[in-house]
Amino acid sequence: MSHHEPYRVCVVCTGNICRSVMGEVMLRQALEEAGLGDRVAVDSAGTTSWEEGNPADPRTVATLARQGLDGHGVRDHVARRFDGSWLPDLDLVLAADHGHLSALRRLARREEDRAKVRMLRSFDPLSEAAGDLDMDDPWYGGTADFERTYDEIAAALPGLVEYVREALAGDAVPDLAGGSVPDRDR
């Protein structure tokens, strides 16, 4: 893991208009609240080009607005496709579901880059314990589906912020399974 600043995180879903956008905005806010906002760059992308150039889904914007997060770049969002050449410059890539995880790891040319790709919900201890790490795509549903996505991301944020804090401190390095292990050499 690189220990440069800013620490770089990319949240990834299918089209980059729903889950990944919500994750980007929510993580950015959580890092700001934790005092890490100036040390971490957060963005998002999709595994496909289906929505490339489009804004965030209006239901994503509405869900974030209900939570007071509509002023965190969501209205300026432009969907883009994840490019495998970005992996060496990223520190952590967060996949919304196992399909994204597989697609992203296939793009990695090195094992070190594959290890950077994690399931976003793996940072929620309850989801991890239940083995329920996929986020359903809310695009196919309504308000309740977008609220569920918001709740799933919110549950992962404390663990994710702590992981980033430890990485910035140099206290954690990724293992090849994608988890975090203490750095015993420090």
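Is Arg 165 buried, exposed or partly exposed?

Modeller: First, a caution: this is a predicted model. Its mean pLDDT is 91, and 89% of the residues reach 70 or more. One stretch needs care. Over residues 172-186 pLDDT stays under 50, and there the model has 33 contacts beyond four places in sequence.

Now Arg 165. Its relative accessibility is 33%, so Arg 165 counts as partly exposed, since that value falls between the 20% and 50% limits. The side chain of Arg 165 meets that of Glu 162 in a salt bridge, 3.6 Å from N to O. Glu 162 is partly exposed as well, with a relative accessible area of 36%. Both residues sit in helix α6, 3 residues apart, so about one helical turn separates them. In general, side chains of opposite charge can pair when their charged atoms come close.

The structure holds 18 salt bridges. One of them joins Glu 24 to Arg 28, with the closest N and O atoms 2.4 Å apart. This pair lies in helix α1, its members 4 residues apart, about one turn of the helix. Glu 24 has 10% relative accessibility and therefore counts as buried. Arg 28, at a relative accessible area of 22%, is partly exposed.

Asp 57 and Arg 59 make another salt bridge, and their closest N and O atoms are 2.9 Å apart. Asp 57 is buried, with a relative accessible area of 6%. Arg 59 is partly exposed at 28% relative accessibility.

There is also a network. Salt bridges link Arg 121, Asp 132, Asp 136, Asp 145, Arg 148 and Glu 152. Arg 121 leads on to two further residues. One is Gly 131. Gly 131 lies in the loop between α5 (125-130) and α6 (143-169). Gly 131 is exposed, with a relative accessible area of 58%.

The other is Asp 124, in the loop between β4 (117-119) and α5. Asp 124 is buried but has no salt bridge. Arg 121 is the nearest side chain of opposite charge, and it is 4.7 Å away. The reason is the cut-off: a salt bridge needs a nitrogen within 4 Å of a carboxyl oxygen. Asp 124 does have a backbone partner. A polar atom of its side chain lies 3.1 Å from the backbone nitrogen of Leu 126. Leaving aside neighbours within four places in sequence, Asp 124 is in contact with Ala 155 and Ala 156.

The largest nonpolar core has 39 residues, and Tyr 7, Leu 27, Val 40 and Leu 94 touch the most other members. Elements giving two or more residues to this core are β1 (7-13), α1 (19-33), β2 (40-46), α2 (58-66), β3 (92-95) and α6. The largest share, 11 residues, comes from α6. Leu 27 shows how these pieces meet. Beyond its neighbours within four places in sequence, Leu 27 is in contact with Val 9, Val 42, Leu 94, Leu 157, Leu 160 and Val 161. A second, separate core has 14 residues, including Cys 10, Val 12, Ala 108 and Val 117.

One backbone detail is worth a check. Asn 16 is found in the loop between β1 and α1. Its phi is near 65°, a positive value in a residue other than glycine. In general, most residues other than glycine have a negative phi. Asn 16 is buried, with a relative accessible area of 0%.

Last, the wider setting. The protein comes to 6 helices and 6 strands. Along the sequence they follow the pattern β-α-β-α-β-α-α-β-α-α-β-β. Buried residues make up 49% of the 186 residues. Among contacts between residues at least 6 apart in sequence, 73% join residues at least 24 apart.

Back to your question, then. Arg 165 is partly exposed, and its side chain meets that of Glu 162 in a salt bridge.

Conventions: Residues numbered from 1 in each chain as written. Predicted model: local features only at pLDDT ≥ 70, side-chain atom pairs only at ≥ 80, totals over all residues. Heavy atoms only, no water. Buried < 20%, exposed > 50% of the residue type's maximum accessible area, 1.4 Å probe, protein only. Core = buried A, V, L, I, M, F, W, Y, C linked by side-chain atoms within 4.5 Å. Contact = heavy atoms within 4.5 Å. Lys, Arg positive; Asp, Glu negative; His and termini not counted. Polar contact = N/O pair within 3.5 Å; in protein donor to acceptor, adjacent residues only side chain to side chain. pLDDT = per-residue confidence, 0-100.
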